Amino acid sequence: MIFNTGAALLDAIVLSVVSREQQGTYGYKITQDVRQALDVSESTLYPVLRRLQKDECLEVYDMQFDGRNRRYYKVTEKGMAQLNLYRIEWKNYSKKINEMFERGVEV
């Protein structure tokens, strides 16, 4: 993608991806899901996950999987409120940008 992705947009996408799973989801799956929209690396996403956890938008727990611990992330109530705010802001923002693109330049 040629457009820069700001921290707020990345937070919104991660919260959206994690919110799809009621019981939470794990880091590698989050990375794969986010990559459907953006080309990002795991080294970019894990600081986002830690920041969202610090901001109390995500809770974290470990669970055994194939003999190893797997870290899961789950959206909190605060995280859902933040995601809903992001959704409203995104609708307004994308509407304005689409209107600008659709008007185009008259020659």
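1. A pocket is an open set of points, on a 1 Å grid over the protein atoms alone, where a 1.4 Å probe fits and protein lies on both sides within 12 Å along at least five of seven lines; its lining residues have an atom within 4 Å of a point. Volume is the space filled by probe spheres set on the points, which are joined across faces, edges and corners.

2. The model is predicted, with local features needing pLDDT of at least 70 and side-chain atom pairs 80 or more, while totals for chains, interfaces and linings use all residues. Residues are numbered from 1 along each chain, and side-chain values use heavy atoms, without hydrogens or water.

3. The largest pocket has a volume of about 630 Å³. Of its 21 lining residues, Leu-9, Ile-13, Trp-90, Tyr-93 and Ser-94 are the closest to the centre. Helices H1 (7-19) and H4 (77-103) each give two or more residues to this lining, and H4 has the largest share, 10 residues. Helices (H or I, at least four residues) and strands (E, at least two) are DSSP runs, numbered from the N terminus.

4. The second largest pocket has a volume of about 160 Å³. Strand S3 (residues 68-75) gives the most to its lining, five residues. Phe-65 and Arg-70 are among the lining residues.

5. The charged end of Arg-70 sits over the ring of Phe-65, 3.6 Å from its centre (CZ of Arg or NZ of Lys within 6 Å of the ring centre and within 35 degrees of the ring normal). Arg-70 also lies over the face of Tyr-26, at 3.6 Å from the ring centre.
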